[in-house]
Amino acid sequence: MQQFDYYRAGTLEEALEILKQEGEGVKLICGGTDVLIDVRNNALSEEVRLLLDISGLEELKGVELRNGEMCIRAGTTLAAVAEDPLVREKSLVLHTAAEAVGSQQIRNRGTVAGNIVTAAQCADTVPALLVLNATLVLKSATNSRRVPINEFFTGPKTTALKPDEVLTEIAFTPPGSKYRGVFEKLMRREAVAKSRLGLCVLAAQNEAGEVEDLRISIGSSLPSHGRFPTVEQMLKGIRVEAPMLRQAGIEAGEYMVRVGGTRWSTEYKLPVVQNLTEKCLREVLEVQ
Amino acid sequence: MSFNVVGTHSARIDAYEKVTGRAKYCGDINYGNQLYAATVYSKYPHARILKIDTHEAEQCEGVVAVVTAKDVPASNSMFGRFPVFAEEEVKYIGDGVAAVAAESPEIARRAAQLVEVEYKELPAVLEIEKALEKDAAKVHEDAEDNLIENASHKLYYGDVRRGFESADKILARSYRTHFVDQMYIEPEAIIALPDPYRRGVEIHGSIQNPYSVRQNVAEVLGLKYSRVRVVQSTIGGSFGGKDESVMLMAARCALLALKLNRPVKMVLTREESMLESPKRHAYLAQYKIGVKKDGSITAVEDTIFTQGGAYNNKAMFANWRGSIHAAGAYRVPHVKNDVYGVYTHTIFGGAYRGFSAPQIVFALESLMDEAAAELNIDPVEFRLKNCLKPHDQLPTGQYLHPDKIPANLESLILDVCRRAEYQRKKEEYDQFNAEHTDEKRGIGIAITLRGTGLGGEGIDTAGASITIEPDGSVNIQSGLIEMGQGMRTAHAQIVAEVLGIEMERITFSTSDTSMVMDGGPTVASRGTLAGGMAMLNAAEKLLSRLKDIAAVELGCALEDITLDNHRYYKKEDPKKYCSFDDLITKGYRERGISLSAQGWYNPGPEPLDHHTGRGNAYPSYIYGAAMPEVLVDMRTGKIKVEKVTLAYEIGRAINPKIVEGQIYGGFLQGLGYGLFEEIEQRDGYVFSLNFDDYLVPTVKDVPDFDLKIFESASKVGPFGAKGVGEIGVELAAASVANALYAATGKRLRELPLNLERVLIGRALSK
Amino acid sequence: MGSITVKFKVNGIDRHITTDSGRRLLDLLRDDLGLTGTKEGCGIGECGACTVLMNGRKVNSCMVPAGQAEGATVVTIEGLGGADEKLHPIQQAFIDAGAVQCGFCTPGMIMSAADLLEANPDPSEDDIKEAVAGNICRCGAYRQIIDAILMAAERMKV
């Protein structure tokens, strides 16, 4: 196992200062459920010399509705997010996604921020945050910026987070009352497993049955996390009929192959993406 | 017949320490001045070792020694061709090349990384078919080819040519199964202590077979057996996985302990355990069956190759059992079974609960379903017609005489059909399937017969010891081991029943090679069958002595003494009795009669000719039928096993709750095996090394079980208990594969039945 | 690695341990405090054998860096029973329902059950399955484990 120094930051300001000084030499640890595995597998980058523990920072904990925007501080555990009444009421999908991560033991420690910045293909909360059009607040000692989550994932397991930055908050505007949402995770066994595919869909229709908004993200399908814009475009403004859902599913599969190419798993994932996209759309859309 | 203790849900006598956290598993135990050892593992699946440089590792602060093959005192070669340390060649990715002893496990592992080994990589033979090719590289140079020695077994009965000639239809099918791991939650742990009194070593650990560890370590060290004492620690699950290859750890720690004169402890990481421990043999089973239009079977012929990996850990035994059972629970007039073991440069097969049965049952029960489908006969009907019945003869020539060996398959099949409402469900599911495309439902069946005990595999002996202490407490010790299956409790119940005492009086000592005669391994579900008979033997000896003491006290003949309701009394005069404690006072204290006895079970070798395969393969058989109901998601390939109706005949349930646990637990392991457990291997390297990638069943994967235990007038085993530890695993994969076919019309002939296979018909790999 | 001092409460007793910062809460419990009831099965937070209660929540102690135990209140299996060897109702129920086989998952399983019954004294079977989904029992005693927890809940209501 690699060896590091360890330091518990007392304040966010202190943590940011250390990051400013040490940059790549620091690995942030909060819940620890991903980082400790990397430590065990000797998988941290060679430059890392210090584990900077920000799990004690109260200023990074809590969920609130602020000026109509849901704000989840980055150090909030997945369990707290899943149990939060505001999240359950306002997000439609985030509590389900948070609840799908690992086991209760893991959720009692792991954070949403950790789930995001680790950027694993199978991260469960990311598709939900993508369809919620979440914004990430990234802070450094000298700067604070807001990055839309669909600009955050820049490549396989790579994010826009700079070495001197901390993800401090995740914000999203709650979808309105017209929205319905669904989160579906495909696993090889019935519980506590990495997602083989993780779909999240939000949709809103007007009284006439026209699709006013449609947002789709599928984890473990693309080289890096993102939405499925061509599928969303296909159905926007349309009065949905059953065969269109099938078409949308097919387009989801084709989009996946267009963006990521044909891979060893495509023979399986292609039909499943098609099938599950159709299934999820049927759950959130009223079909004429 | 009714008993006081046998047949009741007695609480386990080893549960208190487990629920309180007080139970000490080997990893929990520490000795003063102990060192920690770590093994240096191979970097390649197959390579020549050119040079080993331990210098840098030795220089590490806290490292006390680094040893290799040259440091092995007497013999570097152990059972099954295993080397303590690979010397000239590494033959698979988990071969140990050296070991480090250091003041902490972290230092030991860090230093192990610094041992420099120069290798010349060699091509690796990785698959059964490749290993069998004429010019294939030999995994073991001195062997003739890649067939594992003594692991080729055959069973011929009748004339299959005639059988096929008389068939209306012949089906030839090939089935394939994969390596899986026992994944006991407790990783292997060993502590070796230098023993100055024996001028040898004392070894503690998570050891399923203390006697074979003793023998192998003794030979490695060049010591007589009595100078190596092996004491079994509480084991956190084994299922066969800690049956032999822990001797590698034991040998490494023992030689270090002797060399350094300090205790040496080694606890494997999960990743190391995955590499170094045995797996369930992967199978390539080629079957041919002949059937008549009326549904009767005319012949079964099979050639089965079992992938043994780099070493011969159990292939010879497992393959023998496989050869006996390859034509399964059926009346087949002409049988030709050929089973072979194959070496490859991969992780190796060994003992895993079931020991050839889950693989063979998957192949055979799939084949039976395929044959039934070919004839347009319902699979249940097909089995009712062809299953073994009382008075039938097995392919070895053994008869299933109802008063000696009951054959209850028919009643088990009818029972599960009744409880599961087979006909009604079949119709309901057919209707459902006609109306739905996204999901399908199906109900399937599989049956099995399993020879109990070691049978012709070896001599089924076992030892036991009971001491009644002066104050009336009783201590028991078995030569076989407890690994969670409940053996100790079953033994205690037997003793309590025979001696007419309360369970609370009984404590147990852990298995210790220096205390009880070597009776062989705790395998083949014989903990109760053989171990229980030994305990029964010891108890009956003591009973006889106690009755004798009572006879003297009560002034009557021995035959007049009756034991009932904890009292020893004269048949005609129940008011005059001796209590158990009275007898101790009268017999031991006043007359000096020993109240300690050794028990031994030795049924003698089964009358079986190993050359012709004729005779009695096993003293008796146990039976099972499983009927699962599945829901298949056709969009994703996911199988959900919703309900399983089970029936097993096991002779007698000494403790019904424990029996239930063995069957549910075994079946669940079988479900993991059949549905999603998989070791990811590429080019001889192993990639799924821990619980995140190697998935085992969670609580949510448990189906709704409906189990009925059948008992019979068994003459084998204590109170007729024939054993139950393994049979649970056998039927899961097979019955679910059949239910999947019923649901979807898809016949999968390869395990596991994972998402990809169900959806697209084949597995995918990186 | 750096040396750190961790002050925390374990089973009601204040503890003060100076240790290497690379160690985990599991190591502090097992090696420093001799509380070997909590087990290591995988080291990556998957099997649940290391489950303890930390600040009232169940966690995998193999995934808690020592430094994060600072100021925490930890309860292990050893802290569950009453005085004089009296068993907690959950422990007794595990024995009575036949939920113990090899016993290695048992302490973690019982801690998960304790965590559940504290928050939800009248759980459904689905609640129970959710609560122990992160505790693997390879012996497969899940049915009896569910029965034990239902039994304990019933008994604890009185």
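## Close-up views of a predicted two-chain model

Between chain A and chain B, the count is 6 salt bridges. A salt bridge here is a side-chain nitrogen of Lys or Arg within 4 Å of a carboxyl oxygen of Asp or Glu. This is a predicted model, in which local features need pLDDT of at least 70 and side-chain atom pairs count only at pLDDT 80 or more, while totals for chains, interfaces and linings use all residues. Residues are numbered from 1 along each chain as its sequence is written, chains are lettered from A and ligands numbered from 1 in the order in which they are written, and side-chain values use heavy atoms, with hydrogens and water left out.

**View 1. Chain A meets chain B.** The contact (heavy atoms within 4.5 Å) takes 21 residues from chain A and 28 residues from chain B. The area buried between them is about 2,300 Å². Buried area is the accessible area (1.4 Å probe) that two parts lose on being put together, summed over both. Carbon and sulfur atoms give 55% of the area. In chain A, R188(A), R189(A) and E190(A) lose the most area to chain B. Together they account for 32% of what that side buries.

View 2. R40(A) and E271(B) form a salt bridge, with the closest N and O atoms 2.7 Å apart. Helix 11 (residues 266-284) of chain A gives the largest share of the side of chain A that touches chain B, 8 residues. Helices (H or I, at least four residues) and strands (E, at least two) are DSSP runs, numbered from the N terminus. That side of chain A divides into 9 nonpolar, 3 polar and 9 charged residues. Ala, Val, Leu, Ile, Met, Phe, Trp, Tyr, Cys and Pro count as nonpolar, Asp, Glu, Lys and Arg as charged, and the others, Gly among them, as polar.

**View 3. R109(B) pairs with E272(B).** Their side chains meet in a salt bridge (2.8 Å, N to O). R109(B) is in helix 3 (residues 105-114) of chain B and E272(B) in helix 8 (residues 270-276), 163 residues apart. R109(B) counts as partly exposed, at 25% relative accessibility. E272(B) is buried, at 11%. Buried means under 20% relative accessible area, exposed over 50%, and partly exposed in between (1.4 Å probe, protein chains only).

**View 4. K314(B) pairs with D243(B).** The closest N and O atoms of this salt bridge are 2.3 Å apart. K314(B) lies in the loop between strand 14 (297-309) and helix 9 (315-325) of chain B, and D243(B) in the loop between strand 11 (228-232) and helix 7 (246-260), so the pair ties together parts that are 71 residues apart in sequence. K314(B) and D243(B) are buried.

**View 5. T344(B) sits in a loop of chain B.** The loop runs between strand 15 (335-343) and helix 10 (357-374). T344(B) is buried, with a relative accessible area of 0%. Residues that T344(B) touches include V125(B), E127(B), Q307(B) and A310(B), not counting residues up to four places away in sequence.

**View 6. Helix 17 of chain B.** Here 18 of the 20 residues are buried, so helix 17 is largely enclosed by the rest of the structure.
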